[in-house]
Each structure stands twice: as structure tokens, then as C-alpha cells.
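Hello,

Here is the structure I promised to pass on to you. Have a look at it first, and then read on for what turned up in it.

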Amino acid sequence: MGKKIFSGVQPTGNLHLGNYLGAIKNFVTLNNDTENECIFCVVDLHAITVKQDSKELRNNIRETVATFIASGINPKKSIIFNQSQVSAHAEGAWILSCVARMGWLNRMTQFKEKAGKDKEKASIGLYSYPVLMASDILLYDATHVPVGDDQKQHLELCRDIAQKFNNDFEVDNFLQVPEPLIQKEFSRIMSLKDGSKKMSKSELSDLSRINLTDSKDQIINKIKKAKTDPMPMPNGLQELDERPEAKNLLGIYASLTNTTLEKSIENFYGKNFSEFKESLSEILVNKIEPISIEIKKLLADQKYLDQILLEGVEKANLIASKKIQKIKEIVGF
Ligand code: AMP
Ligand code: TRP
């Protein structure tokens, strides 16, 4: 049986190798299976939970669409749209925020990380962000949600919200309880500068990540400068627990070559780190450079990107407006 896939990416610029290996690569595989129905959403409502420049936001929305297509998502086969243009997302989020409990949201680690020390100054949107995410997913009866490891907790919350709604209103199985699709390995790509930190769009140093728009030279330079430790290439998996940077780079290699971490370790045991880095650069350039070139090509054709979004919004609206109508009836509006 085919799956109903829904996932979202925030248009906050600097889409990077972590987004690609943790999420987008998986979107492409799911999109290529003709049995699946896929919906990929540019979640602009989520983006404004932290301050955005409006002009940049508009460009970033297009760049996210361009990245989806350049990575191999076929807009004829999958629905690609931006969240703000389908009003059911915000409406659903409000209704679901009356189902979700404060206690559940208080446990969300992403809010704690993003809000930092001064929680009083965080936006309310940043706090209720996972409820909007639940609305996104539940409006489309998604059965499976491909995401990186950092979104696991938000998906558990989405499942809890769906179950509570179904119980509270005595509508068995009305909201589909979705399954997360998180890759077992390499679901968390770390910073090139610090193996204990997630590779992230917001990290100040550009050297900490490989952007999907990086050129060949930038990729080679970043891998050359990537942090390692003074020891030789590792001899086994156990060693890697103490060596986060080596583990991350070998993990990236394994993910890009579709092999296991063990195989990558075997491949390079006894060699120099510099030899390994050369191979890694080569593989990265082969994978990322064509995507980077394609993104730039697509960005030059704004009309085409806007057309993709327009078509996607129409299709998404058809599905979401029906579901929100039913939700409103159930609630008693
Ligand atoms: P975001 O950019 O936060 O909207 O994330 C888009 C997708 O990329 C989500 O599925 C994330 O879980 C995934 N993602 C973001 N950063 C990483 C990372 N460093 N490693 C793996 N997956 C990631
Ligand atoms: N919160 C997700 C992230 O930052 C993005 C997102 C929003 C999402 N809505 C979603 C992911 C629905 C999957 C399904 O990565």
C-alpha cells in the first residue's frame, strides 16, 4: 500500500547538508515510489516564529522550492506549496491549541534551545510552533512524516494531539495518527566545527556547514578546514563514541555512498585523515555541486517557481479545506 507523506522545511535560508541527508534525500526516495502520495510544504508560518526580514523571506521561500526540485523532487508527482497560502493550517493550529496541554508543550526541548536563557522574550509562536506542525500533518491525513532526528519529539506531540482530539470528540480514527520516518543512521548531521553540535542554518560560522548552494571550491575548503582529532583513522565503531568529529565525517561519507559506518571505517583504516578528506570532498562535490548549479538556474526563473507554488497551493487547498470543514463541524461551529 502506498503511503501518504507530508513534510515541511522552513524557508530560513542556508539549506545545508544536514537538511539534505536528514530529510530531503528521503523525500526524493519517497517521491520516486509511484505508490506514494507526497506533499512537501515550505513552512513560512513556522519561519516567522523568529524575526525574519520580509524581502529575504520571500526569496527564501523560492529558494526552498528550488532546492526541493534541484534535489530531485518532481513537482508533477508531489505537491509543493507554501503553508501561509492555505488558511486551514492556521485555523487548524488554533483549534488544536485548545486540545494540546501546556504540560506537553513545556517538555519540548527545541523551544528550550531556541528560546535560550530569556524565555520571557520568546514569541508565543515559537512556543506553540509544534501545534502548528501538528495541524500541517493532520489536515492531510498523512500516514508517514519523514524528518530528521531533531523533530522526533514534535511528531510524538502530534500523535498525542491527534489521539486526544479523537477521544475528546469521540471520533475514532478521524485524525490519522502519523508514523515518523526517521532514518536509523545519519539522522543528525553535526557541525563541521564541533561534533557535539547539530549542523544548523543559524550557526554564525559558515565553515560549520556545507550549504546546498556552495560551489566546488567552497566544499573542498570547508572539508579541508573541518575539525578532526590528532589520532589516525579509527579502527572500529566503539572508538567513534569518543571521537565525534571523526564519526560525523565518516557518517556523512557513509550516507552519501549509501554504505554503513562500519564499511566506511574499514575503507579508510590505516590511511591518513587527509586522504579520507580528499575522498569525502570528491563524493560531496559529485553530489552537491549539481544540486547547487541547478538551484541557481532555477532561481533565475522566478516565474516558474511561483507557478509551481500556485499549482501546489490549489491542490493542497482542495484537501485541507475539506478536512478543516469537518474539524469545525466536529467541534460544533
Ligand atoms: P528545518 O530547516 O529546521 O526546517 O529542517 C528541515 C528538515 O531537516 C527537518 O526534517 C529536520 O529534522 C532536518 N534537519 C535539520 N538539521 C538537520 C541536521 N543537522 N541533521 C539531520 N537533519 C536535519
Ligand atoms: N518543524 C519542522 C522543522 O523545523 C518543519 C515542519 C513544519 C514540519 N511542519 C512540519 C516537518 C510538518 C514535518 C511535518 O524541521
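Before the details, one term: a polar contact is a pair of N or O atoms within 3.5 Å. Please keep in mind that this is a predicted model.

Let's begin with the ligand. With Gly18, a backbone N or O atom is 3.2 Å from a nitrogen atom of ligand 1. On its own, ligand 1 has 490 Å² of accessible area, and the protein covers 92% of it.

Where does ligand 1 sit? You will find ligand 1 in the largest pocket. There are 17 residues around ligand 1, and those that come nearest are Gln10, Gly148, Asp150, Ile189 and Lys201. This shell is made up of five nonpolar, eight polar and four charged residues. Helix H1 (residues 17–32) gives the most to the shell, with four residues.

Now for the salt bridges. Side chains of opposite charge can pair when their charged atoms come close. The count here is 16 salt bridges. One of them joins the side chains of Asp149 and Arg188, at 2.9 Å from N to O. Asp149 lies in the loop between strand E4 (144–146) and helix H8 (152–168), and Arg188 in the loop between strand E5 (179–181) and helix H9 (216–225), so this pair ties together parts that are 39 residues apart in sequence.

Enjoy exploring!

Best wishes

Definitions and conventions
Residues are numbered from 1 along each chain as its sequence is written. Chains are lettered from A and ligands numbered from 1 in the order in which they are written. This is a predicted model: local features need pLDDT of at least 70, side-chain atom pairs count only at pLDDT 80 or more; totals for chains, interfaces and linings use all residues. Side-chain values use heavy atoms; hydrogens and water are left out. A residue is near a molecule or strand if one of its heavy atoms lies within 4 Å of it. A polar contact is a pair of N or O atoms within 3.5 Å; within protein, one must be able to donate a hydrogen and the other to accept it, and residues adjacent in sequence count only if both atoms are side-chain atoms. Accessible areas come from the Shrake-Rupley method with a 1.4 Å probe; for residues, only the protein chains shown count as cover. On a 1 Å grid over the protein atoms alone, a cavity is a set of points where a 1.4 Å probe fits but cannot get out, and a pocket is an open set with protein on both sides within 12 Å along at least five of seven lines; lining residues have an atom within 4 Å of a point. A molecule sits in a cavity or pocket if more than half of its atoms lie within 2 Å of its grid points. Helices (H or I, at least four residues) and strands (E, at least two) are DSSP runs, numbered from the N terminus. Ala, Val, Leu, Ile, Met, Phe, Trp, Tyr, Cys and Pro count as nonpolar, Asp, Glu, Lys and Arg as charged, and the others, Gly among them, as polar. A salt bridge is a side-chain nitrogen of Lys or Arg within 4 Å of a carboxyl oxygen of Asp or Glu.
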